[in-house]
Amino acid sequence: MYDIKKVRADFPMLNGKTMQGKPLVFLDNASTTFKPYSVIKAIDEYYFEKNSNSHRGDYDLCYDMDVEIQKTRETIANFINSEPNEVVFTSGDTEALNLVAYGYALEYLKPGDKILISEVEHASNVLPWYRIAKLTGAEVCFVDIVDRRVTVDSINKAFKENKNIKLVALAHVGNVLGYMINAKEIASICHKNGALLVLDGAQSVPHMPVNFKELDADFLTFSAHKMCGPTGIGCLIGKYELLQKMATFHTGGGMNVKFNKSGEVIPLDAPAKFEAGTLNLSAIMGFRAAVNYLTELGMDNIHKHDEELFKYAISKLEGHDDIVVYNKDSNSGIIAFNIKGVFAQDEATLLNSKGIAVRSGQHCAKMIDNTIGDIATVRMSTYLYTSKEEIDIFVENLINGGDILDAYFN
Ligand code: PMP
């Protein structure tokens, strides 16, 4: 394991920052994460030393930028076990999912086809499919949720009950309850039934080892900002033959070989054909630094750390019957809970008054109330730098946090 004190020293946001006059306890890591100095330095390096465009000049500075992009692609490919040319840069997870929707599904789905999703998905893995269904005449259908999660059995049942499922889109780890699906088994069921699997890795890739080739998913998406990287950058990882088959989404400079006055456009090969316009170059440099940072700590260690904190927090909440936890047997660093008789947003506001950052509501998974049986929850989520002391402060304030009115009149 790594030394948590040393790790915390790598993050400027953990260096004495306060909120509401109290030491900041940041437990909203499923939303976004802090960046270590090495990532901030890599972003700065672009502006201080490497500032140029890529693919667009015959001078060294520009060539150096091409090298930086390729190095980042290779670093991500190593990290996730894909080929470098299977790494497409997007603005984040949401854009990556939209790229599959508009580049693949819009091109290949037809009336009568089905897209299988679940009611626990994040909006970014629901709304693009609704839009594609409208545009193609395909239909969105839902897999059964069993014990608040998507199971292999429920996927098998969905294929039995629905003919023509052509695409299955699921979160690898859910962003509210943190349950992990059996992606490898589900990919195999999808392929046996002639469907593709789109894996939303926003909450898995930052937290555990994820092996694209071994899982055999067809597409995998994630965002850098949830894994110590910059905002505005993320990835679509796709099997190369599928990327080559896909239509382009954004078009413009940098993605074509040539075009003419008849409107004919010859795109470049993947991944460049999806990367129209100037890329987020400083973020690409920061992304590589983030992946290197995680790799150095070890993804197994990061996962273990989340699991240990989860177990520790759950054990400390044991016996407090007024605290309802919805995912006690989860596989992640996410705890979704409510205090009996207290509205989730009031509880989050009260915790804010104590310097503790958590999120309340539906967490962009706006169909999950059916699964949970409540309209809103409070969500605390840890990351590689979260300390046991922070969990102690969180639990202490849940149990003895005082009245909601404290938040307003203190
Ligand atoms: N899917 C899941 C499971 C998520 O947790 C999130 C972020 N909350 C997203 C998609 C969207 O990610 P982004 O906003 O970085 O595009």
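**Sheet and cores of a predicted model**

An open sheet is built from 7 strands, in the order S4-S10-S9-S8-S7-S5-S6, with mixed pairing. The model described here is predicted. The largest nonpolar core holds 70 residues, and a second, separate core holds 28 residues.

**The sheet**

- Strand S4 (87-90) and strand S6 (139-142) are the edge strands, and each of them pairs on one side only.
- On average, neighbouring strands of this sheet are turned by 20 degrees against each other, direction ignored.
- Strand S5 (residues 114-117) and strand S7 (residues 165-171) run parallel and are joined by 3 bridges.
- Lysine 114 has isoleucine 165, in S7, as its bridge partner.

**Helices on the sheet**

- Helix H3 (residues 60-80) lies across S4, strand S9 (219-223) and strand S10 (234-238). The angle between H3 and S4 is about 115 degrees.
- Helix H7 (residues 183-192) also packs on the sheet, where it touches S7 and strand S8 (196-200). The direction of H7 makes about 155 degrees with that of S8.

**The nonpolar cores**

- In the largest core, the residues with the most contacts inside it are Phe222, Phe287, Leu294 and Leu384.
- Helix H10 (residues 281-297) gives the most to this core, contributing 11 residues.
- Leucine 384 is in contact with Tyr2, Ile4, Val7, Phe11, Cys228, Tyr293, Leu294, Leu297, Ile302 and His305, leaving aside its neighbours within four places in sequence.
- Leu109, Ile132, Leu167 and Leu243 are included in the second, separate core.

Note on methods:
Residues numbered from 1 in each chain as written. Predicted model: local features only at pLDDT ≥ 70, side-chain atom pairs only at ≥ 80, totals over all residues. Heavy atoms only, no water. Core = buried A, V, L, I, M, F, W, Y, C linked by side-chain atoms within 4.5 Å. Buried < 20%, exposed > 50% of the residue type's maximum accessible area, 1.4 Å probe, protein only. Helix = DSSP H or I, 4+ residues; strand = E, 2+ residues; numbered from the N terminus. Contact = heavy atoms within 4.5 Å. Pairing = 2+ DSSP bridges. Axes fitted to C-alpha atoms, helices over the stretch in contact; angles between N-to-C directions.
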